[in-house]
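These are my notebook entries on a structure that I looked through part by part. Each entry records what I looked up and what I found.

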Amino acid sequence: MTPFDYDYLRKLLRELSGLDLSADKQYLIESRLLPLSRKSGLSGIGELVQKMKGGSSSITAQVVEAMTTNETFFFRDKIPFEHFRTLIMPEILQARASRRSVRIWCAAGSTGQEAYSLAMSLKEMGAALAGWRVEILATDLSLEVLEKSRAGLYSQFEVQRGLPIQMLVKYFKQTGEFWQINADIRALVQHRQLNLLHDFSQLGAFDIIFCRNVLIYFDQDTKIGIFNRLAKVTEPDGFLVLGAAETVVGLTNAFRPYPERRGVYRPNDLRLASSRVPAVGAIAPKALAVAGLRP
Amino acid sequence: MRTCLVVDDSAVVRKIARRILEGLDFQIVEAEDGEKALEVCRRGLPEAVLLDWNMPVMDGYQFLGELRRMPGGDQPKVVFCTTENDVAHIARALSAGANEYIMKPFDKDIVAAKFQEVGLIDVAAPE
């Protein structure tokens with residue numbers, strides 16, 4: 001890969017996906033794009049770039065997908081899910097006791113492990129959520145990973161990373177060499193393609209937003225913009241959960257850290273009432289997944 | 001330093017497991033079948049056992065039953081590590097008192113994740 005090819009890819013990825021690659025990330029581009037160039041019958045990254053410059057939108061889309069797909073696993077980092085179980089959901093259960101509904105957004109849903117980890121955690125709460133309307137929305141830039149997430153089909157390696165064996169037995173079915181998450185868990189999760197750089201106010205307001213391990217790839221200004229837009233779709237008493245290497249501190253006043261709960265943030269009341277988005281978004285009511293949580 | 005007993009009839013698997021677990025700060029004791037593993041346990045119980053299923057003399061399932069019947073035998077965390085990758089075997093292992101289950105092939109991340117799951121290593125350690 002020539003320095004010119006690298007510069008071209010950096011600029012294009014920044015423009016299309018917000019991915020901010022520093023000057024020393026050639027290895028990342030090579031490890032992700034060489035397999036793609038081979039798959040596309042091209043000689044290497046040089047030819048891939050030529051195709052992109054020639055206007056091949058299909059190749060460009062595949063390049064963006066390959067570069068923005070991140071490794072993930074069930075209950076990744078463990079602690080955020082403990083916060084979810086021991087702090088966030090108990091507060092939401094109390095605060096939404098009359099409304100009996102909870103909306104959760106996995107903003108970088110990837111191949112579904114985070115959304116399904118949350119769905120399994122909710123299932124484990126059993127009777128406490130009986131009769132509640134539960135909606136988990138998983139979004140990602142990549143259609144390919146969303147497809148995988150929708151299918152809920154994972155390899156033996158994938159189900160062994162972070163998933164307790166009791167949960168594997170309880171919530172998955174073995175199909176040959178793969179494991180598929182049960183239909184009642186899949187039904188709790190909706191999927192939608194979404195670019196975090198674009199407007200997402202149409203999604204409506206969420207009680208809980210998990211936006212982990214994606215903002216690290218964005219530059220400062222992009223992060224600030226995303227935080228401010230996330231604040232507009234977070235309920236005033238809602239929660240934002242970030243990755244261990246991410247923080248709002250020094251970037252925005254829209255959220256404040258929750259004391260002694262690393263990675264958990266709450267919105268500050270800085271917003272004008274008129275800037276609030278409606279509680280009910282563009283998602284059709286019939287699409288709101290309620291399966292499995294009825295009494 | 002905590003001890004992990006690695007029970008597998010394959011010397012290669014024991015070597016791989018030793019390398020991974022020493023990297024996680026365990027002292028390793030090896031046994032090539034369930035009978036030899038029981039002898040080790042009679043001399044002193046380890047904190048953890050990484051246990052194969054199919055072995056000559058005494059298999060992992062039998063060993064687990066014997067271990068759990070020993071005084072203090074409920075203490076060691078037992079993680080199966082086997083090619084028996086079907087739900088029926090997993091369910092049998094759990095009902096016999098296994099704490100976790102690794103389906104071979106495995107790698108360091110999986111072992112670390114499972115040992116973390118049963119509280120043998122800190123949450124932050126494998127990251």
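I began with terms: two strands pair if DSSP finds at least two bridges between them. Helices (H or I, at least four residues) and strands (E, at least two) are DSSP runs, numbered from the N terminus. Strands of a sheet pair through backbone hydrogen bonds, either parallel or antiparallel.

I noted that this is a predicted model, in which local features need pLDDT of at least 70 and side-chain atom pairs count only at pLDDT 80 or more, while totals for chains, interfaces and linings use all residues. Residues are numbered from 1 along each chain as its sequence is written, and chains are lettered from A and ligands numbered from 1 in the order in which they are written.

Entry 1: confidence in chain A. I looked up pLDDT, the predictor's confidence in each residue, from 0 to 100. Chain A has a mean pLDDT of 86, and 90% of its residues reach 70 or more.

Entry 2: a sheet in chain A. I found an open sheet of three strands with antiparallel pairing, in the order E3-E5-E4. E3 and E4 of chain A each have a single partner strand, so one side of each is left without a neighbour in the sheet. The twist from one strand to the next averages 35°. For such angles, axes are lines fitted to C-alpha atoms, for helices over the stretch in contact, and the angles run from 0 to 180 degrees between N-to-C directions.

I then followed the pairings of E5(A). Strand E3 (residues 153-155) of chain A is joined to E5(A) by three bridges, and A:Ser155 has A:Phe178 as its bridge partner. Strand E4 (residues 172-175) of chain A pairs with E5(A) over four bridges, and here A:Gln174 is partnered by A:Trp179. Two residues lie between the strands in the hairpin of E4(A) and E5(A), where A:Gly176 takes a positive phi near 65°.

Entry 3: a buried loop residue. I located A:Leu194 in the loop between strand E6 (189-193) and strand E7 (206-211) of chain A. Why does A:Leu194 count as buried? A:Leu194 counts as buried because it has 21 C-beta neighbours inside 10 Å. Apart from neighbours within four places in sequence, A:Leu194 is in contact with A:Thr139 and A:Phe200.

Entry 4: two helices of chain A. The axes of helix H5 (residues 79-95) and helix H6 (residues 113-124) of chain A come within 11 Å and cross at roughly 35°. In this contact A:Phe81, A:Phe84 and A:Arg85 of H5(A) meet A:Ser117, A:Leu118 and A:Ser121 of H6(A).

Entry 5: where the chains meet. The contact takes 11 residues from chain A and 15 residues from chain B. On the side of chain A, helix H9 (residues 165-171) gives the most, with three residues.

Entry 6: a sheet in chain B. I found an open sheet of five strands with parallel pairing, in the order E2-E1-E3-E4-E5. Its edge strands are E2 (26-31) and E5 (100-103) of chain B, each pairing on one side only. Neighbouring strands are turned by 20° against each other on average, direction ignored. Six bridges link strand E1 (residues 2-7) of chain B with E2(B), and B:Arg2 stands opposite B:Phe26. Helix H1 (residues 11-23) of chain B lies across E1, E2 and strand E3 (48-51) of chain B, at about 165° to E2(B). Helix H5 (residues 108-117) of chain B packs on the sheet, touching strand E4 (77-82) and E5 of chain B.

Technical notes:
Two residues are in contact if their C-beta atoms, placed from the backbone, lie within 7 Å. A residue is buried if 20 or more other C-beta atoms lie within 10 Å of its own, exposed if 12 or fewer, and partly exposed in between; C-beta atoms are placed from the backbone.
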